[in-house]
Amino acid sequence: MAEHHEHEEVKGESLLEKISGKIHDHDSSSSSDSDNEKTSASDSLKSKVFRLFGREKPIHHVLGGGKPADVFLWRNKKISASTLGVATAIWVLFELLEYHLLTLVCHFLILGLAVLFLWSNASTFINKSPPKIPQVHIPEKPVLEFASALRVEINRAFALLRDIASGRDLKKFLSVCCFPFIFCSFPLGIYWLYDQ
């Protein structure tokens, strides 16, 4: 056991001697080296130093460059910190406080409406122009086309249900009533039968 320990010490010393010899040999290199060789060696050393795990491309280029890569690599600390803060606030709202997206959208719409209302009424007191809110009109033709198409589909579904209920098609009746687990729910089953 002692011989093994001494052998490891000798091996470790010889390794240290080799490393220090390489360093001293590099320092004592002749001054006849050209400047180009020195700069190319230092450039290759720099490229190896800044590239993790021997990659060919820098991380900024791998992430696609541009602003998203800058945010991920924290090059602009204000934008990166604000992105992290917003993501954390969204996580706290939806996960910890169990807030729902529809509720959040409704609250933002109510807040926006209240701000516009107050701005419109306060504009006379502060001698500013009221906000310009555009008038919105829904054209009649697309709404009528959508309602007509929806009416046709609903009538076809009712006709299909009537055929099934009247006992005219045993296969459709059995597939709708006896296999609800396959279709997950009755309306999906009817939709599947309707497409056939």
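Mentor: We will take confidence, then the helices, then a few loop residues.

Trainee: What average pLDDT does the protein chain have?
Mentor: This is a predicted model, and its chain averages a pLDDT of 75. Of the residues, 63% score at least 70.

Trainee: Which stretch has a pLDDT below 50?
Mentor: Residues 27-34. Beyond near neighbours in sequence, that stretch has one contact in the model. Where pLDDT is low, the predicted coordinates should not be read in detail.

Trainee: Helices, then. What should α7 span, at 1.5 Å a residue?
Mentor: Helix α7 covers residues 140-165, so its 26 residues should span 38 Å. The end C-alpha atoms are 37 Å apart, which agrees.

Trainee: And how many residues does α5 have?
Mentor: Helix α5, residues 77-96, has 20 residues. From first C-alpha to last it reaches 27 Å, close to the 28 Å expected.

Trainee: What does UniProt list as "transmembrane region"?
Mentor: The UniProt entry, which is unreviewed, lists residues 100-119 and 173-194 under that heading. In the model, residues 100-119 are 95% helix and 0% strand. The C-alpha atoms at the ends of that range are 29 Å apart.

Trainee: Is Glu98 buried or exposed?
Mentor: Exposed, because its relative accessibility is 60% and the cut-off for exposed is over 50%.

Trainee: Which residue with positive phi follows α7?
Mentor: Gly167, with phi near 85°.

Trainee: Where is Asn127, and what is its phi?
Mentor: Asn127 sits in the loop between α6 and α7. Its phi is near 55°, again positive in a residue other than glycine. Asn127 is exposed, with a relative accessible area of 71%.

Trainee: What about Ser123, buried or exposed?
Mentor: Buried, because Ser123 has 3% relative accessibility, and buried means under 20%. Ser123 is found in the loop between α6, residues 101-122, and α7.

Trainee: Which residues does Ser123 touch?
Mentor: Leaving out residues up to four places away in sequence, Ser123 touches Lys128, Ser129 and Pro130.

Trainee: And what does the side chain of Ser123 reach at 2.9 Å?
Mentor: The backbone oxygen of Ser120.

Conventions:
Residues numbered from 1 in each chain as written. Predicted model: local features only at pLDDT ≥ 70, side-chain atom pairs only at ≥ 80, totals over all residues. Heavy atoms only, no water. UniProt positions renumbered as here; feature names shortened; annotations may be inferred. Helix = DSSP H or I, 4+ residues; strand = E, 2+ residues; numbered from the N terminus. pLDDT = per-residue confidence, 0-100. Contact = heavy atoms within 4.5 Å. Expected span 1.5 Å × (residues − 1). Buried < 20%, exposed > 50% of the residue type's maximum accessible area, 1.4 Å probe, protein only. Polar contact = N/O pair within 3.5 Å; in protein donor to acceptor, adjacent residues only side chain to side chain.
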